[in-house]
Every structure is written in structure tokens, then in C-alpha cells.
Amino acid sequence: MNKAANVKITTELKNPTEPGTHHRLLCMTGSNKGKVYYLLGKRLIIGRGETADIQIVDTKISREHAELSFADNSYTITDLGAQNGIIVNDTKVKQKKLSDAEKIVIGSTVFKYNLIEIAANEMIVADDNEISSVKEMKVNKPKTAASRAQKDDPFALNGRRSEPEKKGGPNKILIFAIVIGGILYVLFSGGEAPPKSARTTANSMTDLDREFNTPIVKKNAPEDAEVKKKLEALIHSGRREFSEGNYFRAMEDFRLALLLSPNNGQASFYLSKAKQSLDDDIRKNFEKGKQEFESKSYRAAIVSYCGVVQLIQNYPNDERYKNAMLQISAIESELGMEKGEIKCLETKSAEPKN
């Protein structure tokens with residue numbers, strides 16, 4: 001497998017300069033954080049194995065975890081049967097055609113997919129002239145008409161030099177320089193929308209800052225610092241609750257964080273992870289409880305079903321809560337106990353009294 005023919009790996013965040021359609025994956029977390037993968041092949045493998053086109057060092061990623069296949073000018077991601085699956089925009093999927101700016105979670109690694117269109121007439125404006133012109137206008141002092149005429153020679157814009165003295169003298173140079181200066185000012189001071197590729201670059205960089213939880217603090221805006229402080233506190237609290245297995249409290253912290261910063265990558269990732277962990281724990285408790293009940297290990301089954309009740313004790317209308325209570329009632333019947341005698345939330349151990 002020729003990896004180089006399938007993917008180009010770089011750490012350069014600036015948009016491509018070559019005209020055409022570019023498909024890009026940006027790694028947002030983990031050991032590969034900041035790496036940019038330009039997708040070139042018709043079929044690519046993402047995994048931790050050495051043969052993967054995009055190799056990610058992540059213990060929660062399988063050797064061949066996901067496949068990217070190209071068709072109809074877009075890539076489709078497919079789960080290759082990995083244990084931890086694939087999440088796209090907070091939804092677990094088996095297969096999905098990717099759209100621009102979608103977020104992909106594989107294992108504990110987060111990617112962002114971008115579809116970038118570069119037109120031939122946008123290249124120079126977006127990547128060279130715009131940047132240099134903006135810097136020149138904001139940093140350099142205004143030049144006199146004479147110095148602009150000597151250095152820039154506006155009459156050489158079409159690729160050939162002329163002798164303006166023979167066609168009207170210094171006055172024409174001054175007028176032409178003023179006109180050119182006015183046009184540049186309108187273009188780059190907000191009078192018109194910048195070219196498409198320039199918008200793409202600006203948006204990508206802004207998204208990147210938000211995803212890495214390093215929001216740009218504007219000058220003379222003290223409220224931004226306060227928001228950032230609250231955001232960091234919520235994410236820290238949510239991660240602590242998550243590590244302790246308090247998934248609902250963790251999810252609440254991450255939801256509040258997303259209210260402050262809707263595009264925050266850490267909050268979005270950990271919210272999705274908390275939901276998945278909660279669902280996994282509930283599912284495992286149900287499976288274990290069923291096996292224990294069928295083998296007549298009723299006391300162990302009580303512990304498993306009470307585990308579900310304790311996980312979602314503040315949500316008694318949840319179908320899983322109701323189902324767990326029904327199973328506990330069935331155990332009470334098998335043991336000849338009175339209905340409601342087993343109290344999952346009153347004692348640490350929910351075993352019946354002898």
C-alpha cells in the first residue's frame with residue numbers, strides 16, 4: 001500500500017494554493033493533534049495499525065477502524081466493525097457521507113473534515129496579495145504620491161513598463177495612485193466581502209482556535225476573559241464528574257459550557273463521551289442482570305438492576321429506569337418478598353434482608 005499516494009500529511013494550517021477541490025482531515029486531539037491530512041486516494045484506512053493510511057496512536061482505536069471511500073466528489077466514512085465505533089456530529093454511525101465542517105470522533109480522537117474549493121482566480125488574492133496588502137495598510141505609514149509612483153509604478157500593472165511623463169506627466173501618476181489606493185481600501189477594510197478562499201481561511205482558523213479551547217480575546221473586552229474563566233471551570237468540573245462516573249452531572253456541565261461556547265471542541269467531545277459511557281454502563285448492567293436472573297443468582301441480579309436505577313435516579317421517567325424497576329419487582333416475586341421491599345437508593349447494598 002502506497003500511503004503517500006493516498007494521503008498527504010502536514011502541519012501547515014494554511015489553505016492549499018493549488019486550484020481545485022481539496023478534502024482535508026484536521027486532528028483536533030491526542031498525540032496527532034494539529035496534524036493535517038489531505039485525502040488523495042479512492043480508499044483510505046484509519047486505524048492504529050502500521051498499514052493504515054492515517055495511523056493514530058489511540059488505544060481505543062482498532063488496527064483497521066474506519067474506511068474513507070471517495071465517490072461523487074465527497075468521502076464516505078464506514079465503520080469497519082470496530083468495538084468503539086464512529087461518531088459524526090454526536091451521532092454514532094455505521095456509514096455516512098461527509099459534509100464540510102463535520103466533526104468525527106474515532107476512539108478518543110477528534111477530527112474535523114473540510115471540503116475546500118480553490119478557484120484559479122482566487123489563489124493570488126487569498127494567499128499573497130490580500131495578506132501583504134492588509135499588513136501594509138495597517139502597519140506602514142501612508143506614502144506620498146511621488147514615492148508610490150517611483151516604487152509601485154502603477155502603469156506597469158499589465159506586465160509592461162511605460163513612460164508616464166510622455167502621457168501627461170506626474171499628475172496622471174498621482175490620480176492613478178489615488179484611484180488604486182481607494183480600490184484597495186474598499187476591498188480590504190470591509191467595504192466588500194473578501195473572496196471565497198479568503199473567507200474559508202479565516203473561518204477555518206477561527207474554528208481551530210475555538211476547537212482547541214483557545215478563544216481569541218478581543219482587546220477592550222473584559223467580559224471575554226470572564227466567559228473564558230467560566231468555560232474552563234465548567235469543563236474542569238465536567239471532566240472530574242466524568243472520571244468519577246457521574247455521567248449526568250458531567251453532561252450538564254458540558255451542556256452549560258456549550259451554551260457559553262457552542263463550537264467548543266472539548267465540551268462537545270466530552271458530552272458525547274459521557275453519553276456513550278452512560279449508555280454502555282446501563283447496557284452492561286442490564287445484560288449482567290438478565291444472565292444472573294436466568295441463572296437464579298437473584299441477589300447479584302438485584303445489584304445489577306439497582307446499578308441502572310442509581311445511574312439514572314434523577315430521571316424516573318426514563319424507559320430504562322422503569323424497565324430496571326420492573327425487573328426488580330420480578331425478583332421480589334421470585335423471592336417471596338413484598339413489592340417495594342428492595343430499596344436501591346436507600347442503602348449502599350440493595351440485597352434483601354435474611
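Where in the chain does L80 lie? This residue sits in the loop between strand 7 (74-79) and strand 8 (86-88).

**The chain as a whole**

The chain contains 10 helices and 12 strands. It has 354 residues, and 38% of them count as buried. Among contacts between residues at least 6 apart in sequence, 52% join residues at least 24 apart.

The average pLDDT of the chain is 75, and 69% of the residues score at least 70. Where pLDDT is low, the predicted coordinates should not be read in detail.

Now follow the chain to helix 7 (residues 247-260), whose axis comes within 9 Å of the axis of helix 8 and crosses it at roughly 160°. Helix 7 is therefore roughly antiparallel to helix 8, since angles over 145 degrees count that way. The crossing of helix 7 past helix 8 is left-handed. On the helix 7 side, the contact is made by Y247, F248, M251, F254, R255, A257 and L258. Helix 8 contributes A267, S268, Y270, L271, A274, K275, S277, L278 and D281.

How do helix 8 and helix 9 cross, and at roughly what angle? The axes of helix 8 (residues 265-294) and helix 9 (residues 298-311) come within 8 Å and cross at roughly 160°. That angle makes helix 8 roughly antiparallel to helix 9. Here, too, the crossing is left-handed. The residues of helix 8 that meet helix 9 include L278, D281, I282, N285 and F286, and among their partners in helix 9 are Y298, A300, A301, S304 and Y305. L278 and D281 belong to the contact with helix 7 and also to the one with helix 9.

**Back to the loops**

L80 can now be placed in its surroundings. Not counting residues up to four places away in sequence, L80 touches I45, E64, H65, A66 and E67. One of these, I45, is 35 residues from L80 in sequence, while the C-alpha atoms of L80 and I45 are 9.4 Å apart in space. L80 counts as partly exposed because its relative accessibility is 35%, which falls between the 20% and 50% cut-offs.

The loop between strand 6 (66-71) and strand 7 holds D72, and N73 lies in that loop between strand 6 and strand 7 as well. Neither is a glycine, yet D72 has a positive phi of about 55°, and the phi of N73 is near 60°, again a positive value.

Is D72 buried or exposed? D72 is exposed, because its relative accessible area is 69%, whereas N73 is partly exposed.

| Residue | Relative accessible area | Class |
|---|---|---|
| L80 | 35% | partly exposed |
| D72 | 69% | exposed |
| N73 | 40% | partly exposed |

Conventions. Residues numbered from 1 in each chain as written. Predicted model: local features only at pLDDT ≥ 70, side-chain atom pairs only at ≥ 80, totals over all residues. Heavy atoms only, no water. Helix = DSSP H or I, 4+ residues; strand = E, 2+ residues; numbered from the N terminus. Buried < 20%, exposed > 50% of the residue type's maximum accessible area, 1.4 Å probe, protein only. Contact = heavy atoms within 4.5 Å. pLDDT = per-residue confidence, 0-100. Axes fitted to C-alpha atoms, helices over the stretch in contact; angles between N-to-C directions. Parallel < 35°, antiparallel > 145°, perpendicular 65-115°, else oblique. Left-handed = near helix turned anticlockwise from the far one by under 90°.
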